[in-house]
Amino acid sequence: MMKKLSIIVLASIGIFGCNMAIAANNNIEQTEAQAAPSVSVDPAKDFLSQLGLSQSDVEMLYKYHHNTVMSEFRNRDNLLFGNVVPLKNTSFMPANTIGNMEIGTGYHLVNWDQQSIAEFKDTLGRVVFLMNTPEFRRDFNRSIFTVRAQSSENVLIPSSYDQLKSYVNQTAARYGNHVTAYVSDSHTQRAWGTNRLFIQFEQSGINAALVAHEMMHGVGFAHDGKYTGWNDNIPYYVQTILSMNESASDICKNGRSKCEPDMINFGEFYNSDDNETYRPANRETVKTSVALLGKYFNHVS
């Protein structure tokens with residue numbers, strides 16, 4: 001939408017030289033009307049900002065992944081976790097409000113600073129964007145068989161992406177679509193999440209893999225019992241799709257459609273330090289294959 005702004009200059013006209021003042025005033029009006037700036041409003045970019053994404057991420061996605069942006073924009077009223085973002089300021093809890101709720105072992109809660117708030121908003125925005133891409137839907141549906149039905153007590157494991165989205169959004173709505181987040185200055189390299197979208201992070205550990213994992217805990221999914229490191233539960237399954245290279249989509253190392261957990265191909269963790277330039281995901285070679293996180297957010301100008 002284009003808006004033309006006209007600036008009207010009101011001049012005080014004295015008794016003497018009124019004709020000259022009127023002429024000058026007319027000239028000012030004409031000149032400023034011609035030079036008036038145009039304000040461009042792009043609803044799709046505004047939509048990305050409303051996910052919590054930083055301006056640099058907005059511009060990058062709009063430039064390199066315009067089709068996906070427009071697809072999510074058109075479906076903006078039905079996105080997975082779409083009503084949770086943008087995060088409200090009341091989501092970022094002061095350390096002294098934890099009450100009787102459990103604090104992660106080795107954690108030292110502190111108050112959120114503005115840098116950590118901005119980083120968390122952008123990171124969650126990335127997670128929400130990625131969870132609504134066609135690639136995430138495809139990979140989730142392709143390998144959901146690896147998730148054990150009993151991996152999350154009292155929560156039905158979805159058999160498809162559409163079931164996941166329906167469950168997540170209904171559960172988040174019951175919690176008022178409100179995230180309650182605490183932050184720690186500890187360095188345990190761990191995070192915690194539990195029902196009611198309650199999560200705890202470390203300032204140095206705010207990244208898309210952990211945020212996606214803990215958000216799954218926040219709507220009730222778990223990996224009950226001793227964790228074996230296998231991709232057989234929803235929190236780690238979702239984390240793998242987002243943060244491992246795309247070869248993880250070929251879920252079985254033996255090339256079969258089904259395999260035991262010890263034969264799952266996890267791929268390699270996405271690390272932006274290893275990718276100095278943008279490389280699109282390529283399923284043909286592991287070397288050039290990057291996670292969805294890298295495919296969408298590892299562009300270098």
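Strand β5 (residues 192-194) and strand β6 run antiparallel and are joined by 3 bridges, and in this predicted model the two strands form a hairpin with 3 residues between them. Within that turn, R196 has a positive phi of about 70 degrees, while T194 has F198 as its bridge partner in β6. Strand β4 (residues 180-184) also pairs with β6, here in the parallel sense and over 5 bridges, with T180 standing opposite F198.

Strand β6 (residues 198-202) has 5 of its 5 residues buried, so it is largely enclosed by the rest of the structure. In a regular strand the side chains alternate between the two faces of the sheet. In β6, F198, Q200 and E202 point one way and I199 and F201 the other way, and all are buried. F201 also belongs to a cluster that ring pairs build together with F92, W112 and F120.

A search of the whole structure finds 13 aromatic pairs. One of them joins F136 and Y161 in an edge-to-face arrangement, with 6.0 Å centre to centre and 70 degrees between the planes. Because F136 lies in helix α6 (residues 134-143) and Y161 in helix α7 (residues 161-174), this pair ties together parts that are 25 residues apart in sequence. Both partners are buried, F136 with a relative accessible area of 0% and Y161 at 2% relative accessibility.

| Charged residue | Ring | Distance from the ring centre |
|---|---|---|
| K45 | Y62 | 4.8 Å |
| R76 | F73 | 4.1 Å |

F73 is also one of the buried residues of helix α4 (residues 66-74), which are T68, V69, E72 and F73. These residues cover an arc of only 135 degrees around the axis, which puts them on the same side of α4, whereas N67 and R74 are exposed on the other side. The buried residues of α4 pack against α2 (43-50), α3 (55-64), α5, α6 and α10 (292-297).

The largest nonpolar core holds 71 residues, of which F81, F120, M131, F136, F140 and I234 touch the most other members. Helix α5 (residues 114-131) gives the most to this core, with 8 residues. Leaving aside residues up to four places away in sequence, F81 touches V128, M131, V168, N169, L197, M215, M216 and V219. In soluble globular proteins, nonpolar side chains tend to be buried together.

Definitions and conventions:
Residues are numbered from 1 along each chain as its sequence is written. This is a predicted model: local features need pLDDT of at least 70, side-chain atom pairs count only at pLDDT 80 or more; totals for chains, interfaces and linings use all residues. Side-chain values use heavy atoms; hydrogens and water are left out. Rings of Phe, Tyr and Trp (its six-membered ring) pair if their centres lie within 6.5 Å; planes under 30 degrees apart count as stacked, over 60 as edge-to-face and the rest as tilted. Helices (H or I, at least four residues) and strands (E, at least two) are DSSP runs, numbered from the N terminus. Buried means under 20% relative accessible area, exposed over 50%, partly exposed in between (1.4 Å probe, protein chains only). A charge sits over a ring if NZ of Lys or CZ of Arg is within 6 Å of the ring centre and within 35 degrees of the ring normal. A nonpolar core is a set of buried Ala, Val, Leu, Ile, Met, Phe, Trp, Tyr and Cys residues joined through side-chain atoms within 4.5 Å. Contact means heavy atoms within 4.5 Å. The arc is that of the directions from the helix axis to the C-beta atoms. Two strands pair if DSSP finds at least two bridges between them.
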